[in-house]
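Please report on the salt bridges and cavities of this structure. Keep it short and give the cut-offs.

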Amino acid sequence: MTKGIGESATKRFCRRPTTLICGSAKKRICDLPPKLVGEKILGNAAAAKQKEFVGFMTMDSKVCSMKFLARKEDDLVDVSINQVDSLNHVEISQVFQCEGLLLCVAKDKARLLVWNPYLGQTRWIGPRTSFHRLDRYALGYDKNNRTHKILRFVDNYDVKKRNHVFGYEIYDLSSDSWKVLDVTPDWEIEFDQRGASLKGNTYFFAQEKIVCREGVSVSIEEIDDFLLCFDFATERFGPRLPLPFHSDIEETVALSCVRDEQLAVLYQQGEDPCDTLEIWVTTMIEPKVVSWMKFLKLDRRPVTGVGHVQFRVGAGSFFIDEEQKIAVVFDVDGYAPTKTGHPHHTAFIMGDDGYFKYVSLGEAPNVGAEADCAGYVPPMYYPPLVCSSSYLPSLVQINQPR
């Protein structure tokens with residue numbers, strides 16, 4: 001049992017690789033029939049009956065399957081996390097999900113992996129020229145012919161190399177080819193902002209690109225923020241779509257999707273404990289139009305033993321449970337006391353009726369950072385990154401290139 005603010009919650013973890021024992025021999029996931037592959041990694045249909053969240057995440061550079069069940073009426077939180085054996089040989093920094101396929105970004109940024117967990121098929125993808133450590137990625141498909149594609153882009157100043165890196169490319173899985181896109185953005189998408197895949201397209205939180213001119217100051221209130229859709233059919237970004245709020249610098253904005261029907265956005269104001277956290281969901285969403293309704297509004301009053309919870313400005317992930325009227329946000333918790341003094345990967349469960357719990361998912365390793373001019377290496381912790389929709393099996397074939 002783990003404790004969450006004086007309340008109980010349950011968790012089950014299996015750090016061993018997911019392997020099926022058949023007689024005297026081990027049969028690996030990739031050798032199993034599709035039905036057994038899906039059930040071994042994610043469990044069978046019983047999960048759907050319990051209305052669990054069943055999906056994938058990255059934690060400590062490993063791809064894991066996760067089952068998450070929260071029931072407010074029973075005061076129950078049940079979490080099960082397992083590392084995926086068939087991907088255990090490689091370190092993965094990010095994972096994106098679209099129509100039953102997963103795009104895995106290798107930690108060394110040398111290659112990408114497309115994986116169909118249900119069929120047990122994988123396909124490694126190399127770069128057109130080279131990948132960059134500041135790359136952003138998205139997985140989607142052309143709705144006209146169901147061809148799956150990967151968007152790769154970078155538009156950042158590289159502090160290490162002291163130059164600006166820029167490029168937009170798209171990879172077509174059917175032709176095994178990269179193509180350079182002609183994009184001239186007057187907006188910017190922060191490096192740690194994860195897009196959300198919905199109906200084959202990917203949506204991003206973006207802001208007005210600011211060109212600094214000598215002697216001219218720009219107020220943060222004057223910087224527009226908005227939603228952008230990348231349409232994998234037209235291979236273009238759509239017009240700016242309005243958000244139901246205006247965010248300030250150092251405030252948290254994260255995107256998620258609800259099944260494959262709605263988009264959700266989390267907005268958390270500044271560090272003042274009296275500020276609020278809001279989650280909005282779309283009532284209509286298309287590449288060129290959007291409308292919103294408020295799903296949750298939470299005040300961040302201090303909680304005994306935890307203080308107020310301030311989520312990371314970027315790189316966050318969350319999902320919502322419409323029936324339970326809760327949001328589950330994943331982050332590294334630096335507030336709750338631990339025996340070792342190190343922060344933990346944590347799932348925070350919140351509802352608009354004052355419901356609040358947290359579950360530790362294990363100690364977060366210090367991945368370090370570059371030393372400053374004095375030689376001090378500040379600690380750095382990466383939060384778990386969760387695919388925001390429950391996984392639905394897919395029969396999409398990942399054909400190997402000829």
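## Salt bridges

The count comes to 18 salt bridges, each a side-chain nitrogen of Lys or Arg within 4 Å of a carboxyl oxygen of Asp or Glu. Side chains of opposite charge can pair when their charged atoms come close.

This is a predicted model, in which local features need pLDDT of at least 70 and side-chain atom pairs count only at pLDDT 80 or more, while totals for chains, interfaces and linings use all residues. Residues are numbered from 1 along each chain as its sequence is written, and side-chain values use heavy atoms, with hydrogens and water left out.

## A linked network

Salt bridges join Arg128, Asp135, Arg152 and Glu169 in a network. Arg128 pairs with Glu169, with 2.7 Å between the closest N and O atoms. Arg128 lies in the loop between β11 (121–125) and β12 (136–141) and Glu169 in strand β14 (residues 163–172), so this pair ties together parts 41 residues apart in sequence. Strands (E, at least two residues) are DSSP runs, numbered from the N terminus. Arg128 is partly exposed, at 43% relative accessibility. Glu169 is buried, at 4%. Buried means under 20% relative accessible area, exposed over 50%, and partly exposed in between (1.4 Å probe, protein chains only).

Arg152 and Asp135 also form a salt bridge, at 2.7 Å from N to O. Arg152 sits in strand β13 (residues 148–158) and Asp135 in the loop between β11 and β12, so the pair ties together parts 17 residues apart in sequence. Both Arg152 and Asp135 are buried.

## Another pair

Glu278 and Lys294 meet in a salt bridge at 3.8 Å, N to O. Glu278 belongs to strand β23 (residues 276–286) and Lys294 to strand β24 (residues 289–299), 16 residues apart. Glu278 is buried at 10% relative accessibility. Lys294 is partly exposed at 37%.

## Cavities

The structure holds two cavities of 30 Å³ or more. A cavity is a set of points on a 1 Å grid over the protein atoms alone where a 1.4 Å probe fits but cannot get out; lining residues have an atom within 4 Å of a point. The largest cavity has about 50 Å³ of space. Ten residues line the largest cavity, and the closest to its centre are Thr252, Phe311, Gly316, Ser317 and Val329. Strand β26 gives the largest share of this lining, three residues.

The second largest cavity has about 30 Å³. Its lining residues include Arg136, Phe153, Asp155 and Trp187. Strands β13 and β16 (187–188) each give two or more residues to this lining.

Definitions and conventions
Helices (H or I, at least four residues) and strands (E, at least two) are DSSP runs, numbered from the N terminus. On a 1 Å grid over the protein atoms alone, a cavity is a set of points where a 1.4 Å probe fits but cannot get out, and a pocket is an open set with protein on both sides within 12 Å along at least five of seven lines; lining residues have an atom within 4 Å of a point. Grid points are joined across faces, edges and corners, and a volume is the space filled by probe spheres set on the points.
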